[in-house]
Structure formats: C-alpha cells, structure tokens
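Subject: Structure for your review

Dear colleague,

Please find below the structure that I am handing over to you, with its sequence. My findings follow it.

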Amino acid sequence: VGKAKIFPPVRPPSDIKVGVISDSPRITTGFGVVTKMVVEGLLENKFQVSCLGMYDYDPNPSRYKRDPCKIWRGCPNCNQSTLTHLARFLQSEKPDILYINYDPGNVYNIMRSLEEQKWDSPIIAYFPVEAVPLQTTYGDMIKAVWLKGGVPITYTKWAAERIKEQFGMSVEVAPHGVEHAEFKPLSPEERSTLRYAVGFEGKFVVASMGRNKRVKGMPVLLDAIELLVKAGHEDIVAYLHTNPDEQNQLGSYPLRDMVKQRKLEGKIFFPPDLSSQIRGVPYDGLIEIQTRETESIDEARAVNMMGLNLAQRLGCADLYIDCSQAEGWGMPSTESAMCGTPVIAVRDGVREEVWGEMDYIEPVGYDTWHTAGKLPIIDPKDVANRILYYKSHPRELLILSDQCRTQAQKWSWKVLQNLVSYYASTLVNR
C-alpha cells in the first residue's frame, strides 16, 4: 500500500486572524489611510482582523463612522511605550500573522520589539523607499522579515530596484490607490461658491499638503510666492494644508512667523482647524462646525474653511505643487489630481513612476538627509515661473488637469489588498 503523506488541513480565511500594526484606520492621513484600505480588503476576503492603532488619541472618537475592526487605542507613536501596548495586543488577540505598515525605521524598531516578545509567526511588512542610498538597517529589516518566514512589500518598482541593487534582495511591489474617498472635481457652481466663502474668489490658488517637517519643502513655496508678490502678482495666493506650529522631531519650520517676517499675510493661508497633521480632516462628506457671529471677514472665512472637507479644499485650488524632497508615494498629489487640480512635482524616481510623462520641477542640486539619502534641491524661481506660466495659460492648465486625473485613476488599492490577503493565507497555511 505504501506510506500515506499527511498534509495539515488548510485553514480558511475565516479561521485566520491578522494583526495589523500601523496608524489607526480612523486617521485620515498617510499610514492611517493605507491601514483602512488593507483592513477593508482583509475583511472583504473573510479574514479576522484586529489593529494596534498608533496615534489614535483623538479626544472625540465619536466623529468616526463605525470602526471596521477592533482597534486598540492609546498607543501614541512608535516609541518605548509601544512595547507595553504591543505585548498586550499580542497576548490578547493572538494573531496568526502580522501586517506592519510604517517607514523602514519604525518597522525595524517594531521587529526588534517582536524579538523581545519571542514572536515567531510570519510578518507582512509594507514600507516606502523615500531617498537613496539606504541605511544598512534598511537591509537588516528586510532580512529579518524574510527570516521570520514573511514577505517584504514596497510601494514602487523604482524602490524595489534600489533595494535589489544595494542589498541583493527582492521584494514585492504594491502601489497606493485613489479610491479611499469620493474624489471628484467640484461643479463650476459649487467651486465658485466655496472659493467665495473662503476668500479665494478672483485669486489663482496654489495648494500643497504635508507634515511641517524639513523634507516637505514648504519654505520653497513661501519663497516662490514672495517672488511673485514682489513682481506685482498680487492675485496669486497659496493654501498650505499643514500645521504651521508643528514641532516635528525631524525638523519643523516656524511657518507662521516666516509668513509675518516676509509680510505675506493674506497671501499664505493655513488650515484653521488642523491641530494634528496626523489626524487630518475628513476627506469627504459634511462637516459640522459651530458658527459664531463676527464682523471680521478673515474670521468668517476661517470658519467657512473649517466647514470644507479635504476634497473640497483641494478642489478649490488651481494648481497643486509637490515640493517635497522625499516621498514614498505622494498620496496628497494623486488625491489632488482626482479632485481636478493639476499637479507639478519634483522629479525623482518615485514620482516619475507615479506620474509618467508630466511637467516636473527639475532639481538644481542635492542635499543629504539624516539617513544619508540624497535629497533634491529645487530653485524657488523655477517654482514661481511654473505658477506664473499656468496662471497665464489656462488652456494648458486644463490639459494638465486632464492628464493628471487620467494618470491618477490608474492606481488602485486592489493590488495591495489582494497581495496582503494572498500572503496572509499562504504564509499561515504553508
């Protein structure tokens, strides 16, 4: 008869629990958005899911819709206190596999914490490459994922190629998508009404969005607007969706003071309701605000801005400029394009992959980041010239808008969702 080979039974997704470690899916920026879409994909494929949600300290959680899964709150960020939260999360939830989405440094720190917890099950790690060359710890993190029987995934083919070149290791690739909210251009009537309400009527509005930290390049836009104002272009303004008072450990700028020092009041606008850049503002839907009587036009406009969701704010702009020196993907840019606002970005490997053939701002040199990666430097005069060109050529601006929206629509979260679900099942069952 011979010997029969016994295979372990295949566990269906409904019998597999995935532990997710990243920013909370309640958060409407960056890693939180990615977490939300991955959780939705896992649930759609019938997996059990629980999440250790970093930065989830919103004092008003009731503003969120029903949570997609069980979320462990109260973990402020990836620091020493994470060890305690992580231990409790693993002991209580007992996940069969972990999915981690963070920058490489934090993924590496979480991996070291898992070693202390004697974690020996597979890990799916999803992480960006923002600047090259990469630190040695980056390669160590990828190797650690492989040794755990897991799978490393990065955002772009360009990033995967750089990892292969530097460390000789292959990683999977899954892009970000654009269907995490209802992004669409505003109707002419709605756009006109909203621009009037926030003081943008008759202005050419340049927008940009991101954390107030060194590599996001916000001062370059201040420089460009200052040049344009000094040249007599009083109708050009900028809406910078950032917290001008943020104190980021990677270096922030006193943007509010810089605006005053350059006498750019009335030319540079900040969101009046953004106390936390990480938590962000809702992407779509109605926002309830408390109105108050005021005789100040500026105060009334600020209150009106608080009533706009992010898609509306992006849709009110005429041009979005991505001056960031380092991006793993650049999600605010694709969101802006989906809202009908055309995008100009700094040329680098990531953005060339995301945008293909478009109008780029060419670097004039390079700086060095704390990771030893090269950061492109751009000339504010080039930015000012691009702004002035598209203000003066509305037809070209419209063509660029159509091109950017068409390109952004190519990207879908389904690739990442399917890849994570595939490996969640395959790695547990092998």
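Two strands are said to pair if DSSP finds at least two bridges between them. The model is a predicted one, and the notes below should be read with that in mind.

**Strands and sheets**

By that criterion, strand β8 (residues 204-209) pairs with strand β9 (residues 236-241) in the parallel sense, over six bridges. Within this pairing, Ser208 has Leu240 of β9 opposite it. Both strands belong to an open sheet of six strands, whose order is β10-β9-β8-β11-β12-β13 and whose pairing is parallel. At the edges lie β10 (268-269) and β13 (360-361), each of which pairs on one side only. In general, the strands of a sheet pair through backbone hydrogen bonds, in either a parallel or an antiparallel manner.

A further parallel pairing is found between strand β1 (residues 17-23) and β2, which are joined by seven bridges. Here Val20 stands opposite Cys51 of β2. Strand β2 (residues 48-54) is mostly covered, with six of its seven residues buried.

An antiparallel pairing is formed by strand β14 (residues 365-368) and strand β15 (residues 374-377), over four bridges. Tyr366 has Pro376 in β15 as its bridge partner. The two strands form a hairpin with five residues between them, and in this hairpin Ala372 takes a positive phi near 80 degrees.

**Helices α11 and α14**

Helix α11 (residues 331-338) packs against helix α14 (residues 394-408) at an angle of about 120 degrees, and their axes are 8 Å apart. Angles of 65 to 115 degrees count as roughly perpendicular and those over 145 as roughly antiparallel; α11 and α14 are therefore oblique to each other. The crossing of α11 past α14 is left-handed. On the α11 side Thr334, Ala337 and Met338 take part, and they meet Cys404, Arg405 and Ala408 in α14. By class, the residues of this contact comprise four nonpolar, one polar and one charged.

Helix α11 is mostly covered, as eight of its eight residues are buried. Just after α11, Gly340 takes a positive phi of about 90 degrees.

**Helices α1 and α15**

Helix α1 (residues 30-44) and α15 pack at an angle of about 55 degrees, with 9 Å between their axes. These two helices are therefore also oblique to each other. In this case α1 passes α15 in a right-handed crossing. From α1, the contact draws on Val34, Met37, Val38, Glu40, Gly41, Leu42 and Glu44; from α15, it draws on Lys414, Leu416, Gln417, Val420, Ser421 and Ala424. Seven of the residues in this contact are nonpolar, three are polar and three are charged.

Is Leu416 buried or exposed? Its relative accessibility is 1%, so Leu416 counts as buried. Apart from neighbours within four places in sequence, Leu416 is in contact with Val34, Val38, Tyr99, Tyr126, Ala174 and Pro175. Of these, Val34 and Val38 are also among the α1 residues named above. Between Leu416 and Pro95 there are 321 residues in sequence separation, and their C-alpha atoms are 20 Å apart in space.

Yours sincerely

Note on methods. Residues are numbered from 1 along each chain as its sequence is written. This is a predicted model: local features need pLDDT of at least 70, side-chain atom pairs count only at pLDDT 80 or more; totals for chains, interfaces and linings use all residues. Side-chain values use heavy atoms; hydrogens and water are left out. Axes are lines fitted to C-alpha atoms, for helices over the stretch in contact, and angles run from 0 to 180 degrees between N-to-C directions. Angles under 35 degrees count as roughly parallel, over 145 as roughly antiparallel, 65 to 115 as roughly perpendicular and the rest as oblique. A crossing is left-handed if the near helix is turned anticlockwise from the far one by less than a right angle, and right-handed if clockwise. Contact means heavy atoms within 4.5 Å. Ala, Val, Leu, Ile, Met, Phe, Trp, Tyr, Cys and Pro count as nonpolar, Asp, Glu, Lys and Arg as charged, and the others, Gly among them, as polar. Buried means under 20% relative accessible area, exposed over 50%, partly exposed in between (1.4 Å probe, protein chains only).
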